[in-house]
Amino acid sequence: MTNQTVLERARVQQVGALLRDLVHCDVSALGEDEFLAVLDEVVAVARLSDTLRARVAGDLSRRSTPDQVGGGLARRQGFGNAGLMVASVTGSTTAGAMRTIEAGRALLPEPVLADADALLEGPDRTASLESARDGDDGPATMTGSTTPVLAPPAPRFPAVAQAALDGVLSTDAVAVITTGMERLSDRVTSGELHDLERRLVTKAVGLTLKDVRRLVDHAVARADLPGHQARERRQFEDRYLTWSEDHTGMVTLNARLDAVTAAPIRTVIEQMVTHQFRQRRDQDPSEQDRRTPGQMRADALHDLARHALGCDNTTSSGVRTTIVVRMKLSDLNSGTGLGSIDGTTQPVSVSELRRLAGDAEVIPQILGGHSDVLDQGRRVRMFTPAQRLALLERDGGCAKCHAPPEHCEAHHIMWWRHGGRTDLSNGIMLCTRCHHDIHRQHWGIRIDNGQPFFIPPPTIDPTQQPRPGGLAAITLAETAPAGDAPLSHVSKEHPASEANSASEERSDSRESSDSRESSASRENSALLQDSARSAA
């Protein structure tokens, strides 16, 4: 994988001249198939171009360390550091420049520890040692006798570097994985580090940057729980909220909150906004609420504060504002491990979750319990609150686009009116947009061993290759997979009577989202809360 060819300016100029010709070409006359093929090629070229930029930026960082002459290359060019220089020459933000540098660091070689006797023998070994002592370029290794030996340069993170060189990952994704690996570099063994690196790269291909960041955060937290807990403590200490008023009277709020402090704020506001969006369905178009989501969040914060000023009872608003905390029962009892808060992408340590689990408005979703019947068959049409919690545990939010839980509703895969059962194996969490897209474009859905897969229509993918969905699509298994598992359940959406069935599903969703918890569900929640309090 290591390329020893020196980058020549003339070759870069040749590529630049070709790109200058291409950017003047018209694409509007292309047919749809040709346009999609060109789009794929353009994306690949852009990724490779970004990788080349990252390689140069990473080496600029290497040349700009403060211990070098004049403070390093960037300082000698009049910039405070390499990040500021990259931002200036590329016209990007400093944060974007640092991500580019971080991606380039994955391509930089690092010394490889090796045994001199295993690398070289006889005259070759003597000559190489003399060259190393004379100061020839090249990474040197140290033997047990501290004798430097030349070894072939290798990227610091070979799997990440190969993905970048192949153009299958964006430089932003490469930077996120590289940053995560560097956080673990002195916390786990080299073998564990590079095994995790390979698994992350494999999983990250095809994910959005947001999902890659979530993937890496969970993997790093699981690999180094003490380090993650230390970061949580620092973030809690660094929390703040400020506001300022400008000359026009507008007030700006600014806050930085740790995940646990932010959880109730985000949950209440987002669920209030979602509740209001759903109410728009039945509004007169001439009087429809036309506020933007940002305006609705501002109004929600105002309503919460006004309500707190004038009322001691906040339980009768009709908006579901329960925070769902998820953890394993064994972790709850031991006080160690990781869990999650619905709507928050960051993993949270169980020690922090236990701080929330005793609150009256928190439902701890303890995994492994069987207090509720989660398969209802044909006896019940609507998904129960307990089933919604179980579906959210599997799907994490929208199973297709990974929108947060408060934006989603439970839907039947095979419609109830066509014989579909109200069971977990026939349920899926979807946001409104993905739900409509699945109906209109005739996507199929199947559940394999508890993981949803989406089958695109032939118009999108002639091979109809299933695409993984749900939480499993953006998180690593706790252990490396041993192989493909057999199918456990396959179901596809019924294509008939699309308009009527879509209307029925919207009705199902409204009734489900507005229904109150059954007495069995309330009893289960109470039991879980008691368990959490006693453990805390």
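A salt bridge is a side-chain nitrogen of Lys or Arg within 4 Å of a carboxyl oxygen of Asp or Glu. This structure holds 14 of these salt bridges. It's a predicted model, where local features need pLDDT of at least 70, side-chain atom pairs count only at pLDDT 80 or more, and totals for chains, interfaces and linings use all residues. Residues are numbered from 1 along each chain as its sequence is written, and side-chain values use heavy atoms, with hydrogens and water left out.

**Exercise 1.** Find the salt-bridge partner of Arg 62, then work out how the two sit in their helix.

Step 1: Arg 62 pairs with Asp 59, and their closest N and O atoms are 2.8 Å apart.

**Exercise 2.** Take the salt bridge between Arg 421 and Asp 423 and decide for each residue: buried or exposed, or in between?

Step 1: Grab the cut-offs: buried means under 20% relative accessible area, exposed over 50%, and partly exposed in between (1.4 Å probe, protein chains only).
Step 2: Arg 421 has 42% relative accessibility, so it counts as partly exposed.
Step 3: Asp 423 has 6%, so it counts as buried.
Step 4: Their side chains meet at 2.6 Å, N to O.

**Exercise 3.** Now try Arg 291 and Asp 299 in the same way.

Step 1: These side chains form a salt bridge at 2.7 Å, N to O.
Step 2: Arg 291, at 24% relative accessibility, is partly exposed.
Step 3: Asp 299, at 32%, is partly exposed too.

Methods
Helix = DSSP H or I, 4+ residues; strand = E, 2+ residues; numbered from the N terminus.
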